[in-house]
Amino acid sequence: MSSTTGSVLAPENPSPMGFAVLPIFVLEDPQLGDHEVRVLLALSSYTGANSKCWPSLRALSERCGGSSKRQLQRILNGYTRGADRVPGLVEKGYVSTELRTSRSNVFRLNFDRWTGQKGGDTGATAPCLDR
């Protein structure tokens, strides 16, 4: 067996073992692009039971694989392209933000919007365990 150092698939400095969970409807939403799903997954990795988190844009950028601060702001808040408005995750209802001065913003994932549950409990189970 030959040993190789490094891997094309593994990052140079991987985060400690952890998991992030998204409801299936997020993956199935045709209005969401790959970068938006990646940001939702990154935010999910920071959230607790109340679906809230407050990572800095720098930390979120690192978790998303190096997206720029500006790109993250556009994904979250949307932007205007010519005469067209491109909605962000906030406008699409997936994320709420609480702006704080001199501190990172508080983000809340709004997955309960689709499940009818209150708070952070979506009542969802992993598909492989739901059999």
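A salt bridge is a side-chain nitrogen of Lys or Arg within 4 Å of a carboxyl oxygen of Asp or Glu. I start my notes with that rule, and I keep in mind that this is a predicted model.

**Entry 1: salt bridges**

I looked up how many salt bridges there are by this rule, and the count comes to 3.

I took Lys92 and Glu36 to begin with. Their side chains meet in a salt bridge, at 2.8 Å from N to O. The pair links distant parts of the chain, 56 residues apart. I found Lys92 in the loop between β3 (84–86) and β4, and Glu36 in helix α2. Are Lys92 and Glu36 buried or exposed? I noted that Lys92 is buried and that Glu36 is buried too.

Next I turned to Arg58 and Glu62. They form a salt bridge whose closest N and O atoms are 3.5 Å apart. Both residues lie in helix α3 (residues 57–63), and they are 4 residues apart, about one turn of the helix. Arg58 has 65% relative accessibility and therefore counts as exposed. Glu62 has 55% relative accessibility, so Glu62 counts as exposed as well.

Then I checked Arg85 and Glu91. In this salt bridge the closest N and O atoms are 2.5 Å apart. I wrote down 44% relative accessibility for Arg85, which counts as partly exposed. For Glu91 I also wrote down 44%, again partly exposed.

**Entry 2: the aromatic pair**

I searched the whole structure for aromatic pairs and got 1. The pair is Phe25 with Phe111, and it is edge-to-face. I noted 6.2 Å from centre to centre and 80° between the planes. Why does it count as edge-to-face? The angle is 80°, and planes over 60 degrees apart count as edge-to-face.

I then asked where the two rings sit in the chain. Phe25 is in helix α1 (residues 24–28), while Phe111 is in the loop between β5 and α5 (112–115). The two are 86 residues apart, so I recorded the pair as a link between distant parts of the chain. Phe25 is partly exposed, with a relative accessible area of 24%. Phe111 has 6% relative accessibility and counts as buried.

**Entry 3: charges over rings**

I looked for charged ends placed over aromatic rings. Arg63 lies over the face of Tyr46, at 4.3 Å from the ring centre. The charged end of Arg74 sits over the ring of Tyr79, at 3.8 Å from the centre of that ring.

**Entry 4: the nonpolar core**

I looked up the largest nonpolar core and found that it has 20 residues. Among those with the most contacts inside it are Val26, Leu40 and Tyr94. Which elements give two or more residues to this core? I listed α2, α4 (69–77) and β5. The largest share, 5 residues, comes from α2.

Leaving aside neighbours within four places in sequence, Val26 is in contact with Leu32, Val37, Leu40, Tyr94 and Phe111. Phe111 is the residue I had already noted as a member of the aromatic pair.

**Entry 5: Ser96, Arg108 and Asn110**

I went to strand β4, where Ser96 lies. Ser96 has 32% relative accessibility and counts as partly exposed. Leaving aside neighbours within four places in sequence, I found Ser96 in contact with Val106, Phe107, Arg108 and Asn110. The C-alpha atoms of Ser96 and Arg108 are separated by 5.1 Å, and the two residues are 12 residues apart along the chain.

I placed Arg108 in strand β5 (residues 106–109). Arg108 counts as buried, at 18% relative accessibility, because buried means under 20%.

What do the side chains of Ser96 and Asn110 form? A polar contact of 2.8 Å joins them. The side chain of Arg108 also makes a polar contact with the side chain of Asn110, at 2.8 Å.

Most residues other than glycine have a negative phi.

I found Ser51 in the loop between α2 (34–46) and β1 (52–53).

Ser102 is exposed, with a relative accessible area of 81%.

Note on methods
Residues are numbered from 1 along each chain as its sequence is written. This is a predicted model: local features need pLDDT of at least 70, side-chain atom pairs count only at pLDDT 80 or more; totals for chains, interfaces and linings use all residues. Side-chain values use heavy atoms; hydrogens and water are left out. Buried means under 20% relative accessible area, exposed over 50%, partly exposed in between (1.4 Å probe, protein chains only). A polar contact is a pair of N or O atoms within 3.5 Å; within protein, one must be able to donate a hydrogen and the other to accept it, and residues adjacent in sequence count only if both atoms are side-chain atoms. Rings of Phe, Tyr and Trp (its six-membered ring) pair if their centres lie within 6.5 Å; planes under 30 degrees apart count as stacked, over 60 as edge-to-face and the rest as tilted. A charge sits over a ring if NZ of Lys or CZ of Arg is within 6 Å of the ring centre and within 35 degrees of the ring normal. A nonpolar core is a set of buried Ala, Val, Leu, Ile, Met, Phe, Trp, Tyr and Cys residues joined through side-chain atoms within 4.5 Å. Contact means heavy atoms within 4.5 Å.
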